[in-house]
Amino acid sequence: MGRNRFAVLELAVLGLLHRTPMHGYELRKQLTNVLGLFRALSYGSLYPCLHELLAAGLIAEEHDETGPAGTARPNGPARLNGPARPRRGGRALKVYRLTADGKERLQELLGEGGPAAWEDDGFGVHFAFFGQTRADVRLRILEGRRSRLEERMESIRAALTRTRERVDSYTLELHRHGLESVEREVRWLNELIATERQVASEREAGGQENTSDKESS
């Protein structure tokens with residue numbers, strides 16, 4: 001797996017484990033259901049990522065204390081790196097949780113608002129964790145994503161102009177569909193950016209009012 005893809009997966013895994021510890025299967029299910037871009041994620045890509053995060057001390061392994069048919073108790077006693085409790089069929093059930101270093105790494109990743117966060121995979125994962133992201137970083141990512149899509153939009157329009165007379169009607173419709181999808185996302189981003197700016201403006205105005213009240217008192 002490429003480093004860019006790993007970085008996206010790293011953010012997704014750390015972000016989900018920040019919410020609650022999970023079994024590997026539960027984690028994969030969340031990546032699949034919550035973060036749609038990972039629909040095709042396989043154990044072949046998830047578990048190497050988990051192993052790297054374990055080796056780096058960003059996550060830790062615990063063992064399910066509730067028995068074969070239960071689910072993990074995140075706040076219960078844990079036996080780190082001890083023998084796994086066997087399940088039916090002799091299989092062990094591991095639970096992954098975030099460490100203190102993992103929390104620091106997550107905040108570092110959430111603070112990155114550069115071009116990697118504007119691309120299709122990176123943007124989707126960053127947006128999924130916007131609730132944990134600083135307002136200025138959110139705005140930077142949204143504006144960067146819009147800029148990236150505006151470039152894509154111009155590219156599609158130029159391609160349509162060049163190939164209009166040389167392609168069949170179905171290929172032309174496919175290009176138009178792609179253009180409409182990009183235009184729709186740009187409109188959505190415009191709305192999000194306007195909301196972020198309005199909230200920031202109101203927060204700033206509120207802070208100025210509080211400062212004035214303190215000075216007058």
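1. A quick cut-off before anything else: buried means under 20% relative accessible area, exposed means over 50%, and partly exposed is what falls in between. Glu 151 has a relative accessible area of 49%, so Glu 151 counts as partly exposed. Keep in mind throughout that this is a predicted model.

2. The overall layout. The protein chain has 7 helices and 3 strands. Reading from the N terminus, the elements go α-β-α-α-β-β-α-α-α-α. Of its 217 residues, 34% count as buried. The accessible surface of the chain is about 12800 Å², and carbon and sulfur atoms account for 49% of that. If you look at contacts between residues at least 6 apart in sequence, 63% of them join residues at least 24 apart.

3. The sheet. Three strands make an open sheet in the order S1-S3-S2, with antiparallel pairing. S1 and S2 are the edge strands, each pairing on one side only. Strand S1, residues 22-23, pairs with strand S3, residues 94-98, over 2 bridges. Strand S2, residues 59-63, pairs with S3 over 5 bridges. As a reminder, strands of a sheet pair through backbone hydrogen bonds, either parallel or antiparallel.

4. What lies across the strands? Helix H1, residues 3-19, lies across S1, S2 and S3, and runs at about 95 degrees to S3.

5. Leu 46 is in helix H3, which covers residues 43-55, and Leu 46 counts as buried because its relative accessibility is 0%. Asp 101 sits in helix H4, residues 100-110, and its relative accessibility of 44% makes Asp 101 partly exposed. Which residues does Asp 101 contact, leaving aside its neighbours within four places in sequence? They are Gly 57 and Leu 58. Leu 58 and Asp 101 are 43 residues apart in sequence, yet their C-alpha atoms are 5.3 Å apart in space.

6. Arg 146 deserves a look. This arginine is in helix H6, residues 135-163. Is Arg 146 buried or exposed? Arg 146 is buried and has no salt bridge. The nearest side chain of opposite charge belongs to Glu 150, 4.3 Å away. Setting aside residues up to four places away in sequence, Arg 146 touches Val 186, Leu 189, Asn 190, Ile 193 and Arg 197.

7. Side chains of opposite charge can pair when their charged atoms come close. The count here comes to 15 salt bridges. One of them joins the side chains of Arg 152 and Asp 120 at 3.2 Å, N to O. That pair links distant parts of the chain, with Arg 152 in helix H6 and Asp 120 in helix H5 (residues 120-128), 32 residues apart. Arg 152 is partly exposed because its relative accessibility is 30%, and Asp 120 is partly exposed at 40%. A second pair is Arg 197 and Glu 143, whose side chains meet at 2.5 Å, N to O. Here, too, distant parts of the chain are linked: Arg 197 is in helix H7, residues 169-216, and Glu 143 is in helix H6, 54 residues apart. Arg 197 is partly exposed, with a relative accessible area of 43%, and Glu 143 is partly exposed at 27%.

8. Arg 148 counts as buried because its relative accessibility is 18%, while Glu 151 is partly exposed at 49%. Elsewhere, salt bridges that share partners join Asp 120, Arg 145, Arg 152 and Glu 185 into one network.

How values were computed: Residues are numbered from 1 along each chain as its sequence is written. This is a predicted model: local features need pLDDT of at least 70, side-chain atom pairs count only at pLDDT 80 or more; totals for chains, interfaces and linings use all residues. Side-chain values use heavy atoms; hydrogens and water are left out. Helices (H or I, at least four residues) and strands (E, at least two) are DSSP runs, numbered from the N terminus. Buried means under 20% relative accessible area, exposed over 50%, partly exposed in between (1.4 Å probe, protein chains only). Contact means heavy atoms within 4.5 Å. Accessible areas come from the Shrake-Rupley method with a 1.4 Å probe; for residues, only the protein chains shown count as cover. Two strands pair if DSSP finds at least two bridges between them. Lys and Arg count as positive and Asp and Glu as negative; His and the chain ends are not counted. A salt bridge is a side-chain nitrogen of Lys or Arg within 4 Å of a carboxyl oxygen of Asp or Glu. Axes are lines fitted to C-alpha atoms, for helices over the stretch in contact, and angles run from 0 to 180 degrees between N-to-C directions.
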